[in-house]
Amino acid sequence: MFIVHKFKSSVRLVHPKLYHFNFSTMATFGPSTSTGDVIAVAQMNSTNSKTENLETCKTLISRAVEQGAKMVFLPEACDYIGNSHEETESLAEPLNGPWVKSIQREAESKKIWVSLGGFHEKLENGRLRNAQVIINSQGEITAVYRKVHLFDVNFPEKGVVMQESKYIEQGTEILPPVSTPFGKIGLAICYDVRFPEMSIKLTQAGAQILTYPSAFMFETGANHWEALLKCRALENLAYVVAAAQTGAHGSKRKSWGHASIIDPYGSIIAQCSEGTNLAFAKINLDYVETLRKSIPVWSNRRFDLYPKLEASHSSDALQNCKNIEFTFGQVKVPAEHVFFKTQLTIAFVNKKCVVPGHVLVAPIRLVTKFHEMSDEEVADLFQVVKRVEKVMEQKYKTDSSTLCIQDGIHAGQTIRHVHVHILPRVPGDFAFNDDIYKELQNHDKVDKGWRNSEEMTEESNSLRPLFS
């Protein structure tokens, strides 16, 4: 069995090592559970058998779907836990390998969002990264966060000695929150929970839910696990979802378990007991907003006395986005075509240019109309437009640009995603200056002149150093 706070429950065995929560009603214990979508947090005991772990993950996903969950959060190292550094390195796969693809197919077939809380991503240089992979209900990878704080700890009196950096390459970027149908999700992994600066930065960027999938050490779990999770929930007035490994992994390692969902008021509203199982809770975004108005910690901050954590603006962070694509309306933009990226915005090369240097700037979140953008997204979009325009004018030795937004299909928009066209202008590029608008209206409706991916990658690579 397992414990789920604020639910009436019954328990039945459905799989070796897997218990399933079957709920039919929800008790009304306050605003945090009155409305919203159901999510599931998972707990499991990974071994060095990737096949066995994959089957456990699939079973957990299926059981979550049966109970109406819209998203299931799997723990760190849900793919495997090796018995040695050598085995850990040998079992790793790239993101486009068979293990992740199996989960993508499962998410698509079950129509559920999935967080792979910590996947051993094999890089081209042979090193690994500890990656939280978000897969949407169409089976698409929408975000990949690589763990930025590595667990290098020497605590011999507690039996805790570990150096994750021996085989894991450190991540370089805090990702913008992932927009989902049930809230904006800030991505972190395990040891990241000890760094409040990261959670504050994610919340400032719009996160309503913070995630800490973990394989938390048993030796420190009793004192630190719930205390840290509650602190992150309370200081940010956000939900915290912490999937967890549990039990012994071979003879040298044991995980604390206690996978939990904590509401913005610091209450544990769902928690797994020992063993492999699931717990469920509803996410009520109105409750988040109500609490943030009632306890206005964001407006009460004293940035005159301590620094504000600003969003990062770095083209170098694109190195952390290899093997993923950005959603751009009904199409995808591969990371290699993006030459500049912020927390909320990307700038990328165009598949069909009206003039040389014709590039696009768009919000990362899928937004079909300009008025649907948040104030933060609008501000960031035009900060990026300002910077890109300046760089492109310098590159093409001009002092003029046409900036254009086609907002809706009757305005000529063919990609259903807000985007700004930046077109460097030089004398004589059109016989009549305003003919550029006619060309822009029709240029992508003619089936010729499209550039191939190699040309676009080459242009993007040439632009990236200009934004470093």
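Me: How do the residues of the lining of the second largest pocket divide into nonpolar, polar and charged?

Reply: They divide into 17 nonpolar, 15 polar and nine charged. Ala, Val, Leu, Ile, Met, Phe, Trp, Tyr, Cys and Pro count as nonpolar, Asp, Glu, Lys and Arg as charged, and the others, Gly among them, as polar. This is a predicted model, in which local features need pLDDT of at least 70 and side-chain atom pairs count only at pLDDT 80 or more, while totals for chains, interfaces and linings use all residues. Residues are numbered from 1 along each chain as its sequence is written, and side-chain values use heavy atoms, with hydrogens and water left out.

Me: What makes a space a pocket?

Reply: The search runs on a 1 Å grid over the protein atoms alone. A pocket is an open set of points with protein on both sides within 12 Å along at least five of seven lines, whereas a cavity is a set of points where a 1.4 Å probe fits but cannot get out. Lining residues have an atom within 4 Å of a point. The second largest pocket has a volume of about 880 Å³; grid points are joined across faces, edges and corners, and the volume is the space filled by probe spheres set on the points. Its lining has 41 residues, and the closest to its centre are Val161, Met162, Tyr167, Met217 and Arg253.

Me: Which element supplies the largest share of the lining of the second largest pocket?

Reply: Strand E9 does, with four residues. E9 (160-163) is one of the elements that each supply at least two residues, and helix H2 (85-91) and helix H5 (218-236) are also among them. Helices (H or I, at least four residues) and strands (E, at least two) are DSSP runs, numbered from the N terminus. On that count the protein has nine helices and 25 strands.

Me: Why is the pair of tryptophan 113 and phenylalanine 182 called edge-to-face?

Reply: Rings of Phe, Tyr and Trp (its six-membered ring) pair if their centres lie within 6.5 Å; planes under 30 degrees apart count as stacked, over 60 as edge-to-face and the rest as tilted. By this rule there are eleven aromatic pairs. The ring centres of tryptophan 113 and phenylalanine 182 are 6.0 Å apart and the planes stand at 80°, so this pair is edge-to-face. Tryptophan 113 belongs to strand E5 (residues 113-122) and phenylalanine 182 to the loop between strands E10 (178-180) and E11 (183-187), so the pair ties together parts 69 residues apart in sequence. Both tryptophan 113 and phenylalanine 182 are buried. Phenylalanine 303 and tyrosine 306 also form an edge-to-face pair, at 6.2 Å centre to centre and 80° between the planes.

Me: Why is phenylalanine 303 called partly exposed?

Reply: Buried means under 20% relative accessible area, exposed over 50%, and partly exposed in between (1.4 Å probe, protein chains only). Phenylalanine 303 has 36%, so it is partly exposed. Tyrosine 306, at 38%, is therefore partly exposed as well. In the protein, buried residues make up 55% of the 468 residues.

Me: How do you know that the charged end of lysine 352 sits over a ring?

Reply: The rule asks for NZ of Lys or CZ of Arg within 6 Å of the ring centre and within 35 degrees of the ring normal. The charged end of lysine 352 sits over the ring of tryptophan 450, 4.9 Å from its centre. Lysine 395 is placed likewise over the ring of tyrosine 396, at 5.9 Å.

Me: Is serine 62 buried or exposed, and what is it in contact with?

Reply: Serine 62 has 16% relative accessibility, so it counts as buried. It lies in helix H1 (residues 50-66). Contact means heavy atoms within 4.5 Å. Leaving aside neighbours within four places in sequence, serine 62 is in contact with Glu106 and Lys110.

Me: What is the phi of alanine 77?

Reply: Phi of alanine 77 is near 60°, a positive value in a residue other than glycine. Most residues other than glycine have a negative phi. Alanine 77 has a relative accessible area of 6%, so it is buried. Lysine 397 also has a positive phi, of about 50°, but its relative accessible area is 75%, so lysine 397 is exposed.
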